[in-house]
There are 2 protein chains.
Amino acid sequence: MNVHITLAHPEPTSFNGSLTYRAETYFKRAGNNVTKTDLYASDFDPVERGAHYKDRSNKDVFIPLGEQRAAWKNGTTPEDVRSEIDNLRNADLVILQFPLWWHGPPAILKGWFDRTFPSGGVYTSRMRYDEGYFKGKRAMLSVTTGAPEEAFGPGARGGDPATMLWPLHYSLHYLGFEVLHPFLAHGVQGHGYSYEDHGKAECRLAQKLDSWEDRLAGVWNEAAQSFPGWPDWDHRGQPLS
Amino acid sequence: MNVHITLAHPEPTSFNGSLTYRAETYFKRAGNNVTKTDLYASDFDPVERGAHYKDRSNKDVFIPLGEQRAAWKNGTTPEDVRSEIDNLRNADLVILQFPLWWHGPPAILKGWFDRTFPSGGVYTSRMRYDEGYFKGKRAMLSVTTGAPEEAFGPGARGGDPATMLWPLHYSLHYLGFEVLHPFLAHGVQGHGYSYEDHGKAECRLAQKLDSWEDRLAGVWNEAAQSFPGWPDWDHRGQPLS
């Protein structure tokens, strides 16, 4: 199988880096092909802006979705975007690896969504959700947080991971992916260490890497999350009762 | 009163631009001071990265929160961040104006959160939520979407705005703001126009600008959203039953 990992962390020696490395080595050892995009290392520009479109269809007014559609049609979609779409097209499983910053993904990953999925290219009004472009492929978020696990949940101080990750999960569903349940590593601060004392944290995080590998061993068979799709909505998009 | 507007849209003539202009002119006419940050016009870098820290406390490993704390202590917080914090400190009301892209804010606004609120500066483990730095100030999201209003809601095709905006709302709450209910303008596509025919759309959006102004007229008195705070949690951060 083919696995693609997109990593969004500024520091290669971070725990996010360790999780990425562990996934790469595990999948390679198990005989899979692995590709990786390190958004920071490749200096990915997460800002959707006119400068990305060399041959603007409307030079006076920048309409992002209009330029995305025109570029796709003319074969002038930005090179970094085309290359990432190729990675995703080739993948059976996509992993997005990132730290939770301000109750969501780092900007560099949010902008990966803003730019990598051009209107008219990988979605149209009908090619979405269970009819999405990446249908048949699996996707998973692997997320680190700074606070301890017991600070999270509905109504809890750190917020509910299901709510905080809903926007990214639903975007992946919109694109047609089967969205797996996220992998969460809590209490990760600084250099892969935590709010606990150094030695305990190292041990805890080493165990977390092992449970990451255990999780990956079952990734082809586990049940995906369930989201509403076309059969569940009326023509306006409201749920059928 | 002092109002600060942070705008996150690449096109000044967009409907987001119109909403910003309408808010500016309304508040000025009513005798308030208005400041504005246009994140695209100022070429704001939304990516938290080592290069923002001229005098790194750890030159080998980039630990974002560590560098934020050290820079705040040493007075070397990046100039664009300090300037935006000053804008927010001076404001009684902060408006974030943006289009909904991929079920969340554009990357340039997500990164405004990632960079503008340094650890050890505008929050500490105790100075958060109802004890947050910006206590006593109000904040509101003003959001445009591309799909018609009837496509949104719980279980609906476009998603539930309350869920999609929860991460930003909760981040504002974390910082101490009283978070007002969002203002939503649906069916905005392209150049301020919509999925409907041009004339109808112009009329509908002109009316939407009027309702925006009506909303702003009551902004000092309306009830804020309710979020859990310190008195609602046990020492772990779980809700008290």
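In the predicted model, B:H103 is found in the loop that runs between β3 (93–99) and α4 of chain B, where helices (H or I, at least four residues) and strands (E, at least two) are DSSP runs numbered from the N terminus. With a relative accessible area of 7%, B:H103 is buried, a term that stands for under 20% relative accessible area, whereas exposed stands for over 50% and partly exposed for values in between (1.4 Å probe, protein chains only). Residues that B:H103 touches, not counting those up to four places away in sequence, are A:P167, A:Y170, A:S171, A:Y174, B:G158 and B:M164, contact being taken as heavy atoms within 4.5 Å. The side chains of B:H103 and A:S171 are joined by a polar contact of 2.6 Å; a polar contact is a pair of N or O atoms within 3.5 Å, of which, within protein, one must be able to donate a hydrogen and the other to accept it, and residues adjacent in sequence count only if both atoms are side-chain atoms.

Residues are numbered from 1 along each chain as its sequence is written, and chains are lettered from A and ligands numbered from 1 in the order in which they are written. Because this is a predicted model, local features need pLDDT of at least 70 and side-chain atom pairs count only at pLDDT 80 or more, while totals for chains, interfaces and linings use all residues, and side-chain values use heavy atoms, with hydrogens and water left out.

Chain A can be laid on chain B by a turn of 180° and a shift of 0.0 Å along the axis, with an RMSD of 0.0 Å, the copies being superposed by least squares on the C-alpha atoms of residues with pLDDT of at least 70 in both. This is the relation of a two-fold axis. The same surface serves both copies, in that 100% of the contact residues of chain A recur in chain B. Among the residues of chain A, A:A107 comes closest to the rotation axis, with its C-alpha at 2.4 Å.

In the interface, 59 residues of chain A are in contact with 59 residues of chain B. The area buried between the two chains is about 4600 Å², of which carbon and sulfur atoms give 63%; buried area is the accessible area (1.4 Å probe) that two parts lose on being put together, summed over both. A:W102, A:H103 and A:R157 supply 20% of the area that chain A buries against chain B, more than any other three residues. Across the interface, 30 residue pairs are in polar contact (both at pLDDT 80 or more). On the side of chain A that touches chain B, α4 (107–116) and α5 (161–174) each supply at least two residues, and the largest share, 7 residues, comes from α5(A).

Helix α4(A) is largely enclosed by the rest of the structure, because 10 of its 10 residues are buried. The elements that cover these buried residues include β1 (2–7), α2 (64–74), α3 (79–90), β3 (93–99) and α5 of chain A, together with α4 (107–116) of chain B. In the loop between β4 and α5 of chain A lies A:A156, which counts as buried at 2% relative accessibility. Leaving aside its neighbours within four places in sequence, A:A156 is in contact with A:A151, B:Y170, B:W233, B:G237, B:Q238 and B:P239.

Over all chains the count comes to 31 salt bridges, each defined as a side-chain nitrogen of Lys or Arg within 4 Å of a carboxyl oxygen of Asp or Glu, and the count between chain A and chain B is 2. A:R49, which is partly exposed with a relative accessible area of 21%, forms a salt bridge with B:D43, the closest N and O atoms being 3.1 Å apart, and another with A:D45, where the closest N and O atoms are 3.1 Å apart. Within chain A, the side chains of A:R138 and A:E178 meet in a salt bridge (3.3 Å, N to O). This pair links distant parts of the chain, with A:R138 in strand β4 (residues 138–144) and A:E178 in strand β5 (residues 178–179), 40 residues apart. A:R138 counts as buried at 10% relative accessibility, whereas A:E178, at 33%, counts as partly exposed.
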